[in-house]
Amino acid sequence: VELHLTTNFRARTREARTALALGDALKRLPSEPAESDAAGEKFHRQLTDLLRSCPDLSPLEEQSTVESLRGYPGTCAILCRDNRQALVLSEKLCSLGVPHRVQRALQDRPVPAWVSHVLRNTGSTTLAEERFLELLATGPTPPVGDRTRIWRSLRGAARAPRGLMDVSAVRRLVVEGRFPDDLAAVEPSGLVVSTVHRAKGLEFDRVIVVEPATTAELRKQHSHVDPAAEARSLYVAMTRARDDLFRIAAPDTALVRRDRVTDRWYLGGWKTYIRDGIVAGGQDVCREHPPGTDGFVDDAAAVQDYLASSVSPGDVLTLRPQHEMTSAADQSPPYTVFHGDRAISVVSERFRKDLHTSLKINKTWEINWPVEITGFRVDCLESVAGSTASGARAGLGDHGVWTVPRMSGLGRYRRAARNTQEGIVG
């Protein structure tokens, strides 16, 4: 038996209910492609007109807009059509000093930093609930959520006997990517920047929707456009609001492009060979060895303490090369990740390969490696699993789990000198 709510309890104001009247009709769109495209274009125009009847948020550069975003007491989301828009808007907000969080993909669930603290500070193979809660309470990075519920959920995932936690089983959850989703709680933030797809099922007190391009404009930018899907996506964006619904002009994303080989975004130029930056991903920091034991020399425990006490989401990160030598033909030189003047990690093999692929325009192209990559941010601190031997030698316990920063954002290249090829600026 199918039951339906007769009232939308999310939308509390007339403004928030702007698009709701079209919901049933959108569900009944024809499946035949030609008819679906025609109906989709019609609904997309209707929704666009409805959105344009909503208040227009002033440009982000205006002080009144910045103060409004900083001071809004409820939850707020800026919803974008795609990742490029979210990336550019997040970079702009960072430059204006507006705290926010970029919504991650559903499957992208970093293991919280408190896990490494718990495993690092127990020399036992099992943990009782009392000791587990004691370690949580004394950790520098407190967990999000009820701690008793955390114990029960983690013990269940580790399949531990009642009253005990198998520490090695917790490590396996981290290694195999099976850490419980309900424990990978995101850091609370009043402002979220998200694609519409990642905001499905969520709701916010205030929603700011990036103004959509027409389907005709989209066809000039993309090889395939589904008007019905565009209409449904816009409807989802406009129905995430509880109270306020605003619109904002779309950012210029013309120079942000996707590398077809690596599937990674990069900052290009008006000439196809120009590469001025690259976008960070979730696997760009080395996990095999603790920071301070590989690539740069430091006391690994001191680095862990520094990460916990001094590094926060949104902080600026800078990449600098350790040297100019490459260890493989398809890699960049190794880069160290700096937080201010403090080295806190090194980049992963994956990042080095993607950087090489992005900058190697063709077989004869001589790469002018950046002497610095600036503009990356700390997405979060996460627990990762690597070599147990390296962890033990570094004094981080016997379980091979430690904390690293996760990078996000658009990094921009700084080169030491002008390349012989036109368009590459030092």
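**Cavity lining and salt bridges**

The lining of the largest cavity comprises 10 nonpolar, three polar and three charged residues (Ala, Val, Leu, Ile, Met, Phe, Trp, Tyr, Cys and Pro count as nonpolar, Asp, Glu, Lys and Arg as charged, and the others, Gly among them, as polar). The model is predicted: local features need pLDDT of at least 70, side-chain atom pairs count only at pLDDT 80 or more, and totals for chains, interfaces and linings use all residues. Residues are numbered from 1 along each chain as its sequence is written, and side-chain values use heavy atoms, with hydrogens and water left out.

**Largest cavity**
- A cavity is a set of points on a 1 Å grid over the protein atoms alone where a 1.4 Å probe fits but cannot get out, and lining residues have an atom within 4 Å of a point.
- The largest cavity holds about 140 Å³ of space, a volume being the space filled by probe spheres set on the points.
- Among its 16 lining residues, Arg81, Val210, Pro212, Ser233 and Leu234 lie nearest the centre.
- Helix 10 gives the most to this lining, with four residues (helices are DSSP runs of H or I, at least four residues, and strands runs of E, at least two, numbered from the N terminus).

**Salt bridges**
- The whole structure contains 28 salt bridges, each a side-chain nitrogen of Lys or Arg within 4 Å of a carboxyl oxygen of Asp or Glu.
- Arg206 and Asp244 form a salt bridge at 3.5 Å, N to O. This pair joins distant parts of the chain, strand 6 and strand 7, 38 residues apart.
- Arg206 is buried at 13% relative accessibility (buried means under 20% relative accessible area, exposed over 50%, partly exposed in between; 1.4 Å probe, protein chains only).
- Arg12, Glu203, Asp205, Arg242 and Asp243 are linked in a salt-bridge network.

Notes
1 Å grid on protein atoms, 1.4 Å probe; cavity = no way out; pocket = protein on both sides within 12 Å on 5 of 7 lines; lining within 4 Å.
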